[in-house]
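Open the structure in your viewer and keep the selection tool at hand. The tour below goes from one selection to the next and says what is found at each stop.

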Amino acid sequence: HVALRNKISAIKGIAPEHIFLGNGSDECIDVLFRSFCEPGQSNTIICPPTYGMYQVSAQINDIALLEAPLLPDFQLNLPHIEQLATDKTRIIWICSPNNPTGNLMHWEDIETVLNHFSGLVVVDEAYINFARQRSLITMLPDYPNLVVLQTLSKAWGLAGLRIGMAFASAGIIEIMNKVKPPYNVNQATQEIALAALKGIEKVNTMIIEIVNMRDALIDIIKKIPTVEKITP
């Protein structure tokens, strides 16, 4: 996927050797489990409510699933995560903005996990384009155990193409490329994605429109008498 990775590299400002392309982010999730976990031996930590494929993929790969539910404000429960983590824990999954709650996780909390856990910390940023926060891709040089997931499915509106992206150290990407199927992203998909990536201005306009619609919806919901609170 040389041409497509080079194009994404130019947009994201990160070298191609730090980019993995998957048949959707779901394949990136599966390849991470198969690359860095041992079936029947390793465990992984998720923070529900969160994206369901972490659990599905863990079960398919026979990886024990440990849960540290989010706090009432939908932020990470750091003491619980620390309590669950063992020498068998290989991956901690953090979804930010979180699916389904929609909130960003505090940067300092994610950094705390990165600093105190020796395994992989995967931050799923499928919805980062709609957030008022920059991507954690900028932190990759400081944290060799960080993996950032993104996709063309949401802001780019290309869910049917199945293009998922993982950004990580060159060593992690090299291992993932050895494990993935050799032709996991087909040529037609790559060509359509390359054409779509030329339309950044159009995508930015769509993002602004969607965010404005979100704000307008909030104003409408506030006027409903039975609504007690709208969580950001």
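This is a predicted model: local features need pLDDT of at least 70, side-chain atom pairs count only at pLDDT 80 or more; totals for chains, interfaces and linings use all residues.

**Stop 1: threonine 89**

Select threonine 89, which lies in strand 4, the run of residues 89-95. Is this residue buried or exposed? Its relative accessibility is 4%, so threonine 89 counts as buried, the cut-off being under 20%.

Now show the side chain of threonine 89 together with that of asparagine 43. The two side chains make a polar contact at 2.6 Å.

Threonine 89 then touches Asn43, Ile45, Leu84 and Phe117.

**Stop 2: the aromatic rings**

How many aromatic pairs does a search of the whole structure find? The search finds 3. Select phenylalanine 33 and tryptophan 93 to see one of them: the ring centres are 5.1 Å apart and the planes stand at 40°, so this pair is tilted.

Check the accessibility of both residues. Phenylalanine 33 has a relative accessibility of 1% and therefore counts as buried. Tryptophan 93, with a relative accessible area of 1%, is buried too.

Tyrosine 54 sits in helix 3 (residues 53-60) and tryptophan 93 in strand 4, so the pair ties together parts that are 39 residues apart in sequence. Like tryptophan 93, tyrosine 54 is buried.

Which residues do the ring pairs link into a cluster? The cluster consists of Phe33, Tyr51, Tyr54 and Trp93.

**Stop 3: asparagine 212**

Move on to asparagine 212, placed in helix 8, which covers residues 200-222. Its relative accessible area is 45%, so asparagine 212 is partly exposed, a class that runs between the 20% and 50% cut-offs.

For a sense of distance, select the C-alpha atoms of asparagine 212 and valine 113. The two residues are 99 apart along the chain, and these atoms are separated by 33 Å.

How values were computed
Residues are numbered from 1 along each chain as its sequence is written. Side-chain values use heavy atoms; hydrogens and water are left out. Helices (H or I, at least four residues) and strands (E, at least two) are DSSP runs, numbered from the N terminus. Buried means under 20% relative accessible area, exposed over 50%, partly exposed in between (1.4 Å probe, protein chains only). A polar contact is a pair of N or O atoms within 3.5 Å; within protein, one must be able to donate a hydrogen and the other to accept it, and residues adjacent in sequence count only if both atoms are side-chain atoms. Contact means heavy atoms within 4.5 Å. Rings of Phe, Tyr and Trp (its six-membered ring) pair if their centres lie within 6.5 Å; planes under 30 degrees apart count as stacked, over 60 as edge-to-face and the rest as tilted. Lists of a residue's contacts leave out its neighbours within four places in sequence.
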